[in-house]
Amino acid sequence: MNCSEANDLMQGHLDHELDLVRAIEIEKHMEACKACSEAYRQYKTLQSALKEQGQYYSAPEYLQSRIRSALALPRAHKATPWSRTLSLTWLNFGASLALAVVATLGLSLYLVAPPPSELLTEDIISSHVRSLMANHLADIASSDQHTVKPWFTGKLDFSPPVTDLTAQDFALVGGRLDYLDNRPVAALVYRHRQHLVNLFIWPATPAEVSAPDTLSKQGYNLIHWAHAGMVFWAISDLDLAELKEFVAALAKPSESQTGAGTRSEPVGQ
Amino acid sequence: MWHLGKSSRDETKARRFEELALPHLDAAYNLARWLTRNPQDAEDIVQEACLRAFKYLDSFHGEDGRAWLLTIVRNTCYTGIERKRREAIETSLDEDTDKLEESGSATAPDQAGGDPETLLLQEAGRRLINQALERLPLEFREIMVLREFEDLSYKEIAAVAGIPIGTVMSRLARGRQLLREYIKPMNEGS
Ligand SMILES: [Zn+2]
């Protein structure tokens, strides 16, 4: 056995992977070869150092929730059979466009599900996660509300209010179409430092008005309310206080606001 | 529309996925984190790998969910790294892209930033060894992580990495030799 062969076999010896015959061979070589026995000693030190001091990175806690949500699996310990019926047609990780289309089809399956807002909340979280993940934040990327708002015209049967909040440190990133609560909705994306906020907007059932309500789920904070004929859901990984600032800024926008939402057509399906 | 019969099948699938894959998220993340050297990429990779795993769950008939998930994570990492490399080629044609992987790792050893005093503290050994591992070329790094952190057998490593057992051993030999070389000058330098 030469030293190069010995160097390979040493690994197997170190990892207890050698049969007895080869273990004896390598032991013999190391007895005779000072260089190899010194190398082996160093490998051994290295191995125990790695075992004791090597950095083992555990998955962040929210990752499991995020995955469950993306797969429409129930959260741990809590069975929600209806969301399980959603076999994930949209697991396809192709182009983001294809993903968005399939997602829409997949989500339309919620039509068969009962309507509790638990499902809606999970849908909103899924949409939020998907928008970050698939790198599909915006169909129309623009920080200009006067560009984003008209983009929705003709794509939706309502006209969502689009507000620039750059002055309040929530810069408009853009808008996209999404699908929630069995209908197409407007999604506006805002950035606050490194964090993104998705604001989903769709017409409220007539006369629905509700004060902001907050929810924390799967590592995300959500605030939803109804106002001026529209339902609003804001979601982000921002902490709740900052997300509240966002909502407050929306409620008291600067003069540059494009006005409240107007509904062009009654929504009947 | 969905048939009723399908929902119970999907429920079984969901349960199987929960039992097979979800218990190994830490292992999946640790591998992805070491391969990408970036927490954000590692999260995305693990999530994408889980979606793939779920998609192909029906074609997996084995028992060892960890090795199975790690295989998918590894492949997803390679796809991601390859994609990044291609993007890098597109954006900077003049850059020596073959060296990309290397140059990323070259920043690992903390030379400029770390003051000598701190390096002398207990922390030093831990940092030294982790920086050295981080600097290791990808094909050796992955084998080291599977071996030393997950304690996988050579046979399991061979299956996860898709290489013969003999290659596992020679990569470990080369990887450990490189680690020794990285650590020596770093030790002497401080
Ligand atoms: Zn020798």
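Helices, which are runs of at least four residues, and strands, which are runs of at least two, are taken from DSSP and numbered from the N terminus. The model described here is predicted. With those terms, the secondary structure of chain B consists of ten helices and zero strands. Followed along its sequence, chain B therefore reads α-α-α-α-α-α-α-α-α-α.

Chain B has 190 residues, and 51% of them are buried. Among its contacts with a separation of 6 or more, 67% are between residues 24 or more positions apart.

Chain A contains a sheet. Seven strands make up this open sheet of chain A, in the order 1-2-3-4-7-6-5, and their pairing is antiparallel. At its edges are strand 1 (140-141) and strand 5 (210-217) of chain A, each of which pairs on one side only. Within the sheet, strand 6 (residues 220-227) and strand 7 (residues 230-236) of chain A are paired in the antiparallel sense over seven bridges. For A:Asn221, the bridge partner in strand 7 of chain A is A:Ser236.

Next comes the interface of the two chains. Here 48 residues of chain A are in contact with 48 residues of chain B. The area buried between chain A and chain B is about 4,700 Å², and carbon and sulfur atoms give 64% of that area. Between the two chains, 23 residue pairs are in polar contact, counting pairs with both residues at pLDDT 80 or more. On the side of chain A that touches chain B, two or more residues each come from helix 1 (3-14), helix 3 (34-53), helix 4 (61-70), helix 5 (81-84) and helix 7 (117-133) of chain A. Helix 3 of chain A gives the largest share of that side, nine residues. Sorted by class, the side of chain A that touches chain B has 26 nonpolar, 15 polar and seven charged residues.

Charged pairs also occur across the interface, where the rule finds six salt bridges between chain A and chain B. B:Arg147 forms a salt bridge with A:Asp15, with the closest N and O atoms 2.9 Å apart.

One residue of chain B can be followed in detail. B:Glu18 lies in helix 1 (residues 4-20) of chain B. Is B:Glu18 buried or exposed? Its relative accessibility is 18%, so B:Glu18 counts as buried, the cut-off for buried being under 20%. The side chain of B:Glu18 makes a polar contact with the side chain of A:Arg68, at 2.7 Å.

How values were computed:
Residues are numbered from 1 along each chain as its sequence is written. Chains are lettered from A and ligands numbered from 1 in the order in which they are written. This is a predicted model: local features need pLDDT of at least 70, side-chain atom pairs count only at pLDDT 80 or more; totals for chains, interfaces and linings use all residues. Side-chain values use heavy atoms; hydrogens and water are left out. Buried means under 20% relative accessible area, exposed over 50%, partly exposed in between (1.4 Å probe, protein chains only). A polar contact is a pair of N or O atoms within 3.5 Å; within protein, one must be able to donate a hydrogen and the other to accept it, and residues adjacent in sequence count only if both atoms are side-chain atoms. Contact means heavy atoms within 4.5 Å. Buried area is the accessible area (1.4 Å probe) that two parts lose on being put together, summed over both. A salt bridge is a side-chain nitrogen of Lys or Arg within 4 Å of a carboxyl oxygen of Asp or Glu. Ala, Val, Leu, Ile, Met, Phe, Trp, Tyr, Cys and Pro count as nonpolar, Asp, Glu, Lys and Arg as charged, and the others, Gly among them, as polar. Two strands pair if DSSP finds at least two bridges between them.
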